[in-house]
Structures are given as C-alpha cells and as structure tokens.
Amino acid sequence: MSRCRWFIGSLAGVMGASFLLAAVHPFGNPARHPLPSAQQDGIPREVQAILSDKCADCHAGPKRLPIYGHFAPASWLIERDMVQARQAMDLSHWQSYSPEERENFRSKIAHEAMNRSMPPPQYLAVHWTARLSDADIRTITRWAAQTAVSDPTAQAAGPGDPDRGRFVFEKRCTGCHALRQDREGPHLQGVYGRTSGSVQGFDYSGALRNVHVVWSDTTLDRWLTDPDAFVPGNNMDFHVASPQERADLIRFLQRHQ
C-alpha cells in the first residue's frame, strides 16, 4: 500500500511540476487570433472553412489547447510549432499582406496541399481529422489558380528585365527548382529553348513528357500563367499571375540558356 501511495504521490508531483513549467512560454503566448473575414479578403467561404479547420491551430492560434497542451514539455513543442508556423504565414494577418504576398502564399498553400506535406505528420498523428481530403485539395487549388493581383497597372507587362527576373526566381521558384540541379522540379538552366520533358533522369508527368513543347517566350508565358490549362495532367501546381513578373522571369531564364 505504501508503494502505491508513493507512486500516486510521485505521479501527482510530476504532473504538478509539468503544469507549472508549462506556464512558462519560451516561444510566445498561444493566444488565438481571428481569421480574416471572407468578405474583406476575398477568401471563399469554403476555403476559409478548410483553413479554419485544418490550418488555423498553428497558423493563427488554437481555439483551445488540448489537455496535453497544458503540460510541459508538450506545451513547449506546441508553442514552438505555432511560432514557426506564424513566422512562415500568419492567417490572422492575411489582410496586412500585399496582393503579391497573398498570391505567393496561396500558391504555397496549394503546393503543400497537393503534396500532402501540410498539415505536418506530428499534427496529424494527434488530429487525424485534420487530414485534407481530395475535395479539400481541389477547392484549395481552384482558389490558388485565381488571379490575386487586382492592381490594374500590374496587368500590362513592359519589357522583361532579367535582373528583376532573378528576384522573381528566388522568391517564387526556388522552393522546387534550382538552376543547375534537379529538385522537386527539373533544373532550369537551359530551359529556354529546351523541349519539355527532356531532362535526362527526371521523373516528369506523362502529360509533360509527351506534349513536346519547346519553351519560348510564348509557351513559357502560357505555362507560367496556368500550367493546368496549357498542359492538362501535369504535376506543376504553381503559377505566376503577374504579367510583368512572368516577363521578367522569362528574360532571366533566357539569360541562363
């Protein structure tokens, strides 16, 4: 009996210490911020519902912490993940992002959704209902395909500038591509003038491998505008909505033939 009391007392002591330690927030307070309204920010209600149910716990703050979230070290791990997620993209501050930033985030959301890299495995292990369904992914990708840049002056592209294009490439493309090595996408050194699907050893989609498009000003512009419309069934889930950014990026790729 004394051993049982010792065990219960020790367990209570450990839980009490863990609860007190959890009151220390080395990574920031996990208070929840409201998601932006669909009316204010042009986010369709069905997309907002997905973001709220599947993403907002980390990218805006949880509605309420789970029971284990009140005990260290689980509380610290939760706060670490939340702070890192908000640094990458804070949905509660969506309205403060520029149109170009929102477009970039929408493309990243679609990319990670299609690759099922979000929500992360450690989150899904506990919140298995947060897994994105095929219908969720289709809804997100349709949303991401919309043109986000509403400034009418951004719709008329001037001559492409390769130096600006380098900035676009670094900002928009390097998550999947590099100039001289294959990543998730094939290397882009020499892509201008190259035939689609022709990099030896890269695992292209059948659609892109068989279409035999030669990448030029016209074909690259069509591809970057809407890859799915240009080559249905391809694996690229990213687009560049701004005509000027497309023109700059194409000149940059031409420079690196």
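Author: Let us begin with a salt bridge, defined as a side-chain nitrogen of Lys or Arg within 4 Å of a carboxyl oxygen of Asp or Glu. Here R166 and E170 form such a pair through their side chains, at 3.2 Å from N to O. Both residues belong to helix 9, 4 residues apart, or about one turn of the helix. Helices (H or I, at least four residues) and strands (E, at least two) are DSSP runs, numbered from the N terminus. This is a predicted model, in which local features need pLDDT of at least 70 and side-chain atom pairs count only at pLDDT 80 or more, while totals for chains, interfaces and linings use all residues. Residues are numbered from 1 along each chain as its sequence is written, and side-chain values use heavy atoms, with hydrogens and water left out.

Reader: Are R166 and E170 buried or exposed, or partly exposed?

Author: The classes rest on relative accessible area: buried is under 20%, exposed is over 50%, and partly exposed lies in between (1.4 Å probe, protein chains only). R166 is partly exposed because its relative accessible area is 41%. E170 has a value of 42% and is therefore partly exposed.

Reader: How many salt bridges does the rule give, and which residue forms one with D163?

Author: The count comes to 8 salt bridges. D163 pairs with R255, their closest N and O atoms being 3.2 Å apart. This pair links distant parts of the chain, since D163 is in helix 9 and R255 is in helix 13, 92 residues apart. D163 has a relative accessible area of 45%, so D163 is partly exposed.

Reader: Which residue forms a salt bridge with R172?

Author: The partner is E245, with the closest N and O atoms 2.8 Å apart. E245 and R172 are both buried. Salt bridges with shared partners join K171, R172 and E245 into one network.

Reader: Which residues of helix 9 are buried?

Author: Helix 9 spans residues 162–173, and its buried residues are P162, G165, V168, F169, R172 and C173. They cover an arc of only 105° around the axis, which means that they lie on the same side of helix 9. The arc is that of the directions from the helix axis to the C-beta atoms.

Reader: What covers the buried residues of helix 9?

Author: Cover is judged by contact, meaning heavy atoms within 4.5 Å. Among the elements that cover these residues are helix 6 (99–114) and helix 13 (243–255). From helix 13, L249 touches G165, V168, F169, C173, L224 and V240, leaving out residues up to four places away in sequence.

Reader: Which residues touch the most other members of the largest nonpolar core?

Author: A nonpolar core is a set of buried Ala, Val, Leu, Ile, Met, Phe, Trp, Tyr and Cys residues joined through side-chain atoms within 4.5 Å. The largest has 24 residues, of which F169, W215, W223 and L249 touch the most other members. Helix 9, helix 11 (217–225) and helix 13 each supply at least two residues of this core. Helix 13 gives the most, with 4 residues. Apart from this core lies another, of 20 residues, including A56, L132, I137 and W143.

Reader: How is a polar contact read, and which side chain does R246 join in one?

Author: A polar contact is a pair of N or O atoms within 3.5 Å; within protein, one must be able to donate a hydrogen and the other to accept it, and residues adjacent in sequence count only if both atoms are side-chain atoms. The side chains of R246 and D221 are joined by one of 2.8 Å. R246 is found in helix 13 and counts as buried because its relative accessibility is 7%. At the start of helix 9, a side-chain oxygen of D161 reaches to within 2.8 Å of the backbone nitrogen of D163.

Reader: How many helices and strands does the protein contain?

Author: There are 13 helices and 0 strands. Of the 257 residues, 42% count as buried.
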